[in-house]
Amino acid sequence: MTWHETERDWLCETLRAADPHDPTLCAGWEARHLAAHLVIRERPGLAVSAVRGGLAAATERLAESASDAPGYADLVERFATPPPRWSPLAWAGDAVNATEYFVHTEDVRRGTGDLTPRELPEGLVDVLWSQLVRMAPLRLRRLGPGVVLVRDDDVRSAVHAPRQGYGTVVLRGDVGELVLAVSGRLQASNVRVDGAEDEVATVRDLLTGP
């Protein structure tokens, strides 16, 4: 199996274990909203209709159909069924889906307050790190301070250069935790942030969800 397939299975199991009304790390979303988002994301017909009518409204409508246990179970199983082969997300593979599924699994796991990191296989760590160092510069592009990511094994990457007059902030943690932090979930990650106090505050403001 590829890593995105493995993470898809983890995400399905995590959703199945959740109550439809469990909170997630996605502001305003319960587990049922996250399941609805995933179904819409992978079904081109639904996605096109959602864009035309408003993505937020479409997600809310689909989530409303999953307010009770049977409806929620049906929605999760819709996601558990892989998208049709002609869907772009069916052949996008790890490049598009591995980090997406990993982050959403943690959105559900940690939404209720369990911040215990999962132990990740080495191969998945490599994939997540590779995608993180490509994603981070875009995510951090508006910051004044520079940002260096440092893994617990001391592998590091300078993902954002400081603007004139600014120093550098260092984020340290396991790769999965760094992925969550850069994805805007710093408050739910096990990441240490070091640097000048005001610059650390600026980075925290950007990377901390509501």
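This is a predicted model: local features need pLDDT of at least 70, side-chain atom pairs count only at pLDDT 80 or more; totals for chains, interfaces and linings use all residues.

User: How do helix 2 and helix 5 cross?

Analyst: Two packed helices are described by the angle between their axes and the distance between the axes. Here, helix 2 (residues 31-42) and helix 5 (residues 69-80) have axes that come within 9 Å and cross at roughly 35°. Helices are DSSP runs (H or I, at least four residues), strands are E runs of at least two, and both are numbered from the N terminus. Axes are lines fitted to C-alpha atoms, for helices over the stretch in contact, with angles from 0 to 180 degrees between N-to-C directions.

User: Is the crossing of helix 2 and helix 5 left-handed or right-handed?

Analyst: Left-handed: the near helix is turned anticlockwise from the far one by less than a right angle (clockwise would be right-handed).

User: And which residues of helix 2 and helix 5 meet?

Analyst: Contact means heavy atoms within 4.5 Å. On the helix 2 side you'll find Ala 31, Arg 32, Ala 35, Ala 36, Leu 38, Val 39 and Glu 42, facing Tyr 72, Leu 75, Val 76, Arg 78 and Phe 79 of helix 5. By class that makes nine nonpolar, no polar and three charged residues. For the classes, Ala, Val, Leu, Ile, Met, Phe, Trp, Tyr, Cys and Pro are nonpolar, Asp, Glu, Lys and Arg are charged, and the others, Gly among them, are polar.

User: At what angle do helix 1 and helix 5 pack?

Analyst: About 180°, with the axes of helix 1 (residues 3-17) and helix 5 10 Å apart. The two helices are therefore roughly antiparallel; the cut-offs are under 35 degrees for roughly parallel, over 145 for roughly antiparallel, 65 to 115 for roughly perpendicular, and oblique for the rest. Arg 8, Leu 11, Cys 12, Leu 15 and Arg 16 of helix 1 touch Tyr 72, Val 76, Glu 77, Phe 79 and Ala 80 of helix 5.

User: Now single residues. Is Arg 110 buried or exposed?

Analyst: Buried means under 20% relative accessible area, exposed over 50%, and partly exposed in between (1.4 Å probe, protein chains only). Arg 110, in helix 7 (residues 94-111), is buried at 2%.

User: Which side chains make polar contacts with Arg 110?

Analyst: A polar contact is a pair of N or O atoms within 3.5 Å; within protein, one must be able to donate a hydrogen and the other to accept it, and residues adjacent in sequence count only if both atoms are side-chain atoms. Arg 110 pairs with Glu 106 at 2.8 Å and with Glu 177 at 2.7 Å.

User: What about Arg 151?

Analyst: Arg 151 lies in strand 1 (residues 146-151) and is buried, at 11%. Its side chain makes a polar contact of 2.7 Å with the side chain of Asp 153.

User: What is phi of Asp 154?

Analyst: Near 75°, a positive value in a residue other than glycine. Asp 154 sits in the loop between strand 1 and strand 2 (156-160) and counts as exposed at 54%.

Conventions
Residues are numbered from 1 along each chain as its sequence is written. Side-chain values use heavy atoms; hydrogens and water are left out.
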